[in-house]
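Me: Hi! Could you walk me through this one while I have it open on my screen?
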Amino acid sequence: MTLNLDSARSLCLLRLSAIGDVCHAVAMVQAIQRQYPQLRITWVIGKVEYQLLRHLEGIDFVVFDKSLGWRSYWQLKQALSGQRFDVLLHMQVALRATIASMMISAKTRVGFDRARAKEGQWLVTNHHVEPLATPHVLEGFMGFAKAIGVQDLTPTWDIPVPASDSEFAANVVGNDKVMIICAAASKAERNWLPERYAAIADHAATLGFRVLLCGGPSELELNLATQIAGNSQSAIENWVGKTSLTQLLALLGQAKLVVAPDTGPAHMAVTQNTAVIGLYAHSNPGRTGPYTSLDYVVNVYPQAIAQQFNASVPWGTRAKGADLMKMISIDMVKAQIDRISHQQALL
């Protein structure tokens with residue numbers, strides 16, 4: 001049954017992490033705002049993710065800091081004390097999110113359908129989204145908007161960036177044709193080989209691209225960037241660990257092309273309407289790929305799954321192994337760079 005929120009006044013959205021997922025959620029929440037401009041929307045979000053989205057218009061954020069352990073639930077309860085929402089959208093199937101939802105008072109509590117409502121989510125919800133057999137994560141999220149009566153589910157994004165960060169990106173990029181490599185995923189096994197990143201950076205340079213390395217300040221990302229730059233024959237600019245999330249978002253918006261594995265910045269680039277070449281071996285890009293650039297994905301996931309299973313697998317099954325990304329060749333990625341470069345030259 002589809003709900004109607006024409007007379008509702010307040011909605012709480014529970015989606016704590018991760019960067020890519022909250023980027024998908026932005027498209028959903030802005031579709032809700034178009035349909036129900038009267039709604040006061042509160043978003044319970046993770047600490048890192050808040051840094052990216054804190055300038056969104058019409059949203060009250062409550063930050064859930066999981067590093068505080070059990071104290072984080074008490075802080076959430078205190079932050080929402082005295083508030084009762086017309087609707088809760090419980091959009092995260094993780095035990096900590098299920099527990100966090102118990103701190104939120106709401107008459108109608110919308111969760112995933114029974115097949116997807118894992119980690120006890122089904123115990124704390126009383127309304128469910130429509131089942132979907134093979135959804136992209138973004139489409140799964142849009143199911144929540146559909147469940148509350150939103151009719152226009154076309155994904156669009158408007159993530160405000162401070163003027164100083166936009167100016168920073170404009171100064172870095174200038175008038176150059178820039179390709180950004182965001183090389184690091186959250187797990188090392190999902191990263192492509194540094195010498196292969198270097199090879200496609202060199203190839204991009206021959207096509208007139210200026211190549212930037214971008215990413216966060218973790219040791220994994222810093223070391224990978226150093227290895228890529230060390231293997232390259234061209235002048236790669238290393239910005240890894242040197243930008244805030246909103247500065248990175250602004251840079252991604254200024255770029256002509258982004259190359260990345262299954263990682264948050266790929267989805268950040270999607271919100272900026274920038275072409276993305278996603279590198280996928282462990283996860284199904286049909287579920288987690290860069291939504292507006294799925295046609296550009298270099299995808300060896302089917303081969304990886306075929307090697308590990310003798311039968312069809314559930315949607316979203318991850319392939320396992322430390323060497324799967326080696327199945328992605330340099331020529332596969334070069335072909336997509338050439339394709340996108342040619343298309344952009346015709347515009």
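Me: Where does asparagine 273 sit?
Reply: Asparagine 273 is in the loop between helix H10 (264-271) and strand E11 (275-280). Keep in mind that this is a predicted model.

Me: Is asparagine 273 exposed or buried?
Reply: Exposed, since its relative accessible area is 70% and the cut-off for that label is over 50%.

Me: And what about the phi of asparagine 273?
Reply: It is positive, about 60°, although asparagine 273 is not a glycine. Most residues other than glycine have a negative phi.

Me: Which other residue has a positive phi although it is not a glycine?
Reply: Glutamate 119 has one, at about 55°. Glutamate 119 belongs to the loop between E5 and E6, and with 45% relative accessibility it counts as partly exposed.

Me: OK, peptide bonds now. Where is there a cis one?
Reply: Look at serine 17 and alanine 18: the bond joining them is cis, with omega about -5°. Alanine 18 is in the loop between strand E1 (10-14) and helix H1 (19-35).

Me: How many bridges does E4 share with E5?
Reply: Four, in the parallel sense, with strand E4 covering residues 85-90.

Me: What is the nearest side chain of opposite charge to arginine 109?
Reply: That is aspartate 86, 12 Å away. Arginine 109 is buried yet has no salt bridge.

Me: So what does arginine 109 touch?
Reply: Leaving out residues up to four places away in sequence, the contacts of arginine 109 are Leu88, Ser101, Met102, Ile104, Val124, Thr125, Asn126 and His127.

Me: New topic: how many aromatic pairs turn up in the whole structure?
Reply: Seven. One of the pairs is phenylalanine 112 with phenylalanine 144: the ring centres are 4.9 Å apart and the planes are at 85°, so this pair is edge-to-face.

Me: Which parts does that pair tie together?
Reply: Phenylalanine 112 lies in the loop between E5 and strand E6 (127-128), while phenylalanine 144 is in helix H5 (residues 137-147), so the pair ties together parts 32 residues apart in sequence. Both phenylalanine 112 and phenylalanine 144 are buried.

Me: Which residues do ring pairs link into a cluster?
Reply: Trp43, Tyr50 and Phe61.

Me: And which charged ends sit over rings?
Reply: Arginine 114 has its charged end over the ring of tryptophan 122, 4.2 Å from the centre. The charged end of lysine 177 sits over the ring of phenylalanine 209, 4.4 Å from the centre.

Me: Last one: what does leucine 207 touch?
Reply: Apart from residues up to four places away in sequence, leucine 207 touches Lys177, Ile337, Asp338 and Ser341. Leucine 207 and serine 341 are 134 residues apart in sequence and 7.8 Å apart in space, C-alpha to C-alpha. Leucine 207 is in the loop between helix H7 (194-206) and strand E8 (210-213), and it counts as partly exposed at 29% relative accessibility.

Technical notes:
Residues are numbered from 1 along each chain as its sequence is written. This is a predicted model: local features need pLDDT of at least 70, side-chain atom pairs count only at pLDDT 80 or more; totals for chains, interfaces and linings use all residues. Side-chain values use heavy atoms; hydrogens and water are left out. Buried means under 20% relative accessible area, exposed over 50%, partly exposed in between (1.4 Å probe, protein chains only). Lys and Arg count as positive and Asp and Glu as negative; His and the chain ends are not counted. A salt bridge is a side-chain nitrogen of Lys or Arg within 4 Å of a carboxyl oxygen of Asp or Glu. Contact means heavy atoms within 4.5 Å. Rings of Phe, Tyr and Trp (its six-membered ring) pair if their centres lie within 6.5 Å; planes under 30 degrees apart count as stacked, over 60 as edge-to-face and the rest as tilted. Helices (H or I, at least four residues) and strands (E, at least two) are DSSP runs, numbered from the N terminus. A charge sits over a ring if NZ of Lys or CZ of Arg is within 6 Å of the ring centre and within 35 degrees of the ring normal. Two strands pair if DSSP finds at least two bridges between them.
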